[in-house]
Amino acid sequence: LTQEQRRFNYYHSRVRVQVERAIGLLKGRFQSLIKLRVQVKDYRAHLWAIIWICVLLVLHNLTIKIE
């Protein structure tokens with residue numbers, strides 16, 4: 001691999017770990033996310049899932065401010 005490819009892989013890996021930790025945190029706090037993957041079968045369900053995740057992110061941020 002070139003230096004540029006190694007650098008990309010390094011930063012990509014770091015970001016991926018952070019994203020996976022964030023998803024794990026949200027799944028621990030909001031149990032409705034655990035089975036969400038199974039329920040997304042078509043475009044409408046996908047759109048609903050995106051909206052639901054956004055709502056949970058807002059609730060998560062409000063919870064942090066209150067705590």
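Trainee: Before we start, what counts as buried here?
Mentor: Buried means under 20% relative accessible area. Exposed means over 50%, and partly exposed is in between. Keep in mind that this is a predicted model.

Trainee: Then where does His60 fall, buried or exposed?
Mentor: His60 is buried, because its relative accessibility is 10%, under the 20% cut-off.

Trainee: Which helix is His60 in?
Mentor: Helix H3. That helix runs over residues 43-66.

Trainee: And what does His60 touch, leaving aside neighbours within four places in sequence?
Mentor: His60 is in contact with Leu25, Leu26, Arg29 and Phe30.

Trainee: How far is His60 from Arg16?
Mentor: They are 20 Å apart in space, C-alpha to C-alpha. In sequence, 44 residues separate them.

Trainee: OK, new topic. Which residues make up the largest nonpolar core?
Mentor: There are six: Leu26, Phe30, Leu33, Leu36, Ala49 and Leu56.

Trainee: What is Leu56 in contact with, beyond its neighbours within four places?
Mentor: Phe30, Ser32 and Leu33.

Trainee: What about nonpolar residues on the surface?
Mentor: A nonpolar patch is formed there by Tyr43, Leu47, Ile51, Val55, Val58, Leu59 and Leu62. Together they have about 660 Å² of accessible area.

Trainee: Take Leu59. Where is it, and how is it classed?
Mentor: Leu59 is in helix H3. It is partly exposed, because its relative accessible area is 40%.

Trainee: Switching to charges. How many salt bridges are there?
Mentor: Two. One joins the side chains of Arg16 and Glu20, at 2.9 Å, N to O.

Trainee: Where do Arg16 and Glu20 sit?
Mentor: Both lie in helix H1, residues 3-29. They are four residues apart, about one turn of the helix. Arg16 counts as exposed because its relative accessibility is 51%. Glu20, at 44%, counts as partly exposed.

Trainee: And which side chains meet at 3.8 Å?
Mentor: Those of Glu67 and Arg29, N to O, in a salt bridge. This pair links distant parts of the chain, 38 residues apart. Glu67 is in the segment after H3, while Arg29 is in helix H1.

Trainee: Are those two buried or exposed?
Mentor: Glu67 is exposed, at 69% relative accessibility. Arg29 is partly exposed, at 34%. Remember that Arg29 is also one of the contacts of His60.

Note on methods:
Residues numbered from 1 in each chain as written. Predicted model: local features only at pLDDT ≥ 70, side-chain atom pairs only at ≥ 80, totals over all residues. Heavy atoms only, no water. Patch = residues over 30% accessible without salt bridge, like charges linked within 9 Å, V, L, I, M, F, W, Y side chains within 5 Å. Areas by Shrake-Rupley, 256 points an atom, 1.4 Å probe, with all protein chains shown as cover. Salt bridge = Lys/Arg side-chain N within 4 Å of Asp/Glu carboxyl O. Helix = DSSP H or I, 4+ residues; strand = E, 2+ residues; numbered from the N terminus. Buried < 20%, exposed > 50% of the residue type's maximum accessible area, 1.4 Å probe, protein only. Core = buried A, V, L, I, M, F, W, Y, C linked by side-chain atoms within 4.5 Å. Contact = heavy atoms within 4.5 Å.
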